[in-house]
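Visitor: Could you pick a part of this one and take me through it up close, with the cut-offs spelled out as you go?

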Amino acid sequence: MSTNGDSNGPKRRSSPTAAHERPKKQLKRDVVNGVPTPGDATPQNGSVYDVVQPSQQPVLPITAGIPPAGDSPEWQATIERVIKSVVSIHFCQTCSFDTDLSFSSQATGFVVDAERGYILTNRHVACAGPFWGYCIFDNHEECDVRPIYRDPVHDFGLLKFDPKAIKHMQLTALKLQPETAKVGVEVRVVGNDAGEKLSILSGVISRLDRNAPDYGEGYSDFNTNYIQAAAAATGGSSGSPVVNLAGNAVALQAGGRSDGAATDFFLPLDRPLRALQCLQEGIPITRGTIQTQWIFKPYDDCRRLGLTPHWESAMRAAYPHDNSMLVAEIVLPEGPGDGKIQEGDILIKVNGELLTSFIRLDATLDSSVGGKVQLLLQREGEDHEVELDVGDLHAITPDRFVTVAGGSFHNLSYQQARLYAIACKGLYVCEAAGSFKMENALSGWLVDTIDNKPTPDIDTFIEVMKEIPDRTRVVISYRHIRDLHTRATSIVHIDRHWHKQMRLLTRNDETGLWDFKSLGKPLPALPPVKRSADFIQLEGVAQPAAAEIVRSFIKVTCYMPVKIDGYPQARRTGFGIVIDAEKGLVLVSRAVVPYDLCDITVTIADSLQIEGKVVFLHPLTNYAVIRYDPSLVDAPVQTAKFSEVPVKQGQDTIFVGFNQNYRIVVAKTVVTDITAVGIPANAAAPRYRAINLDAITVDTGLSNQCASGVLIGADGVVQALWLTYMGERSQGSHRDTEYHLGLDTTMISPVVKQIREGLIPKLRILNMESYVVQMAQCRIMGVSEEWIKKVAIANPARHQLFTVRKVDCAPAVGPADGQQLQEGDIILTLNDQLITTVSDFNIMYDKEYLDALVVRKGKEVRLRVPTVPTEDLETSRVVVFCGAVLQKPHHAVRQQISKLHSDIYVSARSRGSPAYQYGLAPTNFITHVNGVKTPDLDAFVKEVSKIPDNTYFRLRAMTFDNVPWVVTMKKNDHYFPMSEYVKDNSKPAGWKTVSYRRSSDGAPVTADGMDEGGEVSGSEDVPDYDSSSIPIHRCRL
């Protein structure tokens, strides 16, 4: 199965127009008041290495409609009345649900009942899933809004606010007058257009019988006509009223062309008016369905489908102004129409009456829920009468979902079933995260079985999951909704320790919130069992040493429940080398195991899977050491023997690596170069990278294909490790660059020896990054001829010294009476030892001070330089607040910044959270809360704990580029309660979680739902839509 579920086989019906011409909803992703926050211009999250992220929807040009400046006095008076009823809506869908991932956005609405506080807007604004938002009136008064109705199909919803909260203006409602929408009527679109507070665009209605715009993947309206006009509305005008000269609303702005053409599409107000009246009268808003999608077809098309002259004449006589009829386009399998209606059938009568309009069809079905309806159809020139059961549309529209092990699930919606013309049944994954991260798609999976048990619906799924203990590996069978022909099978590791609660979220239209219900405690993990396995035998390999080293390789998979330290991924797999088989010690790249807030799975001989734990993380040299329990392993695992002699340039070696398919490959080769390299820093968001590094390259194309491996001699001794080094992110392609390089075993042997002896090294390091300078530059910078001769004698192979590129912004630990190195210093000696290779710096690991001789500004200077203890460099506490992941600035931040503004660093943020909505971006530092200085996490937690729920507060922040700014945010404890991860070696996972509210509250917190790169949330829509039709957009801002 491909990563996006596509295949060459049949899939959903294709749209009649190209992807770049597809309509777009006129929503605009939140920035902050339409302007990106300082320091927020960083690329979007790239969670898959070397794979270009899906392209964003093109941002629409802000094109002017007919300028309203020349409006008549009558229009000016109308607009003055109307704008008092129009509101700007700022909102989040806090959890992924149905067709949309979690997101933050802006749009428009207007008051339709001032006494009760009802606002009409679009369905894609009121959200199918959990909603949290507020509205701003024309006089800048603000109040909270909550959804009380969102239509299952049509693009409208109703929000409610408290009229008493508006104290400084007289509330007025716009009258809904759908019958006045006629061709040729001049209208105005009044709303929040392109991020502006208020925009007034002119237009003239040109069509009343347009089919609903097809937005492609995700939510689209259907079974209704749309009104077409030329107004050129853009992002943010979703939900704007379309008013006539009398000041009455004749339609609801919904979408428009995205190719610059001044064409907009409005939803007729007949069904919104009926829903409003039902709410006002306190009666249920019934919605009926026969699970069939109809479209308008003009008479010439209908004739080709078999419309007889008799019925055409009858229709034209009954509806002289109509030129189209309703034709069945999609009939859902197993629905009421299945086997009775066929695609291409022409609708003639409903309950004995001729019918050509969606409005009357809707009215008939809505009044017949639970009953029957009689249809007369014409199929290929023949009449067919059918009787159909009318189902409840609300019953096949999900209003609850379950979160477990990081994933979110609900029953397949009618909206998705209609989009792909499949039966409306099955368990749908609305966010594939945590344990249920399947391939690279964030949603769209249909789960058939878990642990070999069928999961046809959410209730069965809940019962199955209740019986699965924590840390269990189970088989899951699933398909992607785009390719139901291909069934995939995977094994997932159920996480009920980071995500302890399985919770059911149910929509509550009384409160506007989704209520959380805990579904019981997880079953504890089963005790591990000792198992046996054998390693593969390499066939056809001429080097016996390569066949032996296979027994020293172990696959390591790392899963991170939350993004910290700027690391861009939620899971990673690579191979490690066994450094002590008796103790179960394995050395692996820090690109695979970046930090210890994680789950590690060790796979031995492609057969045994057991848990591992982080033992040691090297702060500079790009490796981690993990441990597994060897008593659980009955396999001939072999300790790799490391060379004690440095590898030389030109030396013969055997390259043994693992390619992208995790298959072992072998090649005899030669060492081409050994040189000090500098891995580029990631400008968007600092993250771990190796520095002060001597890298080995070899003469084989396999080296670029393999992320893990070793270089060995003919005797099987490991000369160097082949590791993945995390690099920078491309600003243009949003790719994460990786480097595959060799690391000499002599560089790591001293530390490995201590770990083998049972000691956890407490290293000390110089808080600086260096780079190589050749003798020509050294002369110019003031190095004497005497020292240049000493360098030539000490290192005949490489005549070089090191200069300080960057001094870290060190933490406030260690001695304070030392003298610091400075950028530009050339290091001659440390403790009287000449420094000409990277390995010479190893002298720093166990010294509190180093006596350094440097050349500074052309003069030799002696310094007593303190080293920095590394225990404080790794993250040991994480606070998640309002969707922002806060931590002490990690080592990479200190390496790249000149001044730490506080010990509260924003490492990541969740989609759809207050942090995302209000623009608190990764790489920001928080310095004050409500004017109170908060230098560290303790002070921050103390201050924010005083803030009541749903209350505004002020954060003073500093960007990474030293730009101060203030953000005002509203606290949301229901969906985003504060919690902590605190390192605690007494816990099985090595960390404990601390909750500040009931543990059952809160949206799912997963690394997959976070961005760590300070992404600008200004793209047009979420998720990205990729399909094909006339360029139309939804009008969300």
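Guide: Let's start with pairing: two strands pair if DSSP finds at least two bridges between them. Strands here are DSSP runs of E, at least two residues long, while helices are runs of H or I, at least four residues long, and both are numbered from the N terminus. Keep in mind that this is a predicted model, where local features need pLDDT of at least 70, side-chain atom pairs count only at pLDDT 80 or more, and totals for chains, interfaces and linings use all residues. Residues are numbered from 1 along each chain as its sequence is written, and side-chain values use heavy atoms, leaving out hydrogens and water.

S9 (residues 186–191) and S10 (residues 199–211) pair antiparallel over 6 bridges, with Val 190 opposite Ile 200 in S10. S10 also pairs antiparallel with S11 (residues 225–229), over 4 bridges, and there Asn 211 has Asn 225 as its bridge partner.

Now for the close look: helix H3, residues 270–281. At 1.5 Å a residue, its 12 residues should span 16 Å, and the end C-alpha atoms sit 17 Å apart, which agrees; the expected span is 1.5 Å times one less than the number of residues.

H6 deserves a moment. The axes of H3 and H6 come within 10 Å and cross at roughly 30 degrees, which makes H3 roughly parallel to H6. Axes are lines fitted to C-alpha atoms, for helices over the stretch in contact, with angles from 0 to 180 degrees between N-to-C directions; under 35 degrees counts as roughly parallel, over 145 as roughly antiparallel, 65 to 115 as roughly perpendicular and the rest as oblique. Asp 270, Arg 271 and Arg 274 in H3 meet Ile 359, Asp 362, Ala 363 and Asp 366 in H6, where contact means heavy atoms within 4.5 Å. The residues of that contact divide into 2 nonpolar, no polar and 5 charged.

Key: Nonpolar A, V, L, I, M, F, W, Y, C, P; charged D, E, K, R; others polar.
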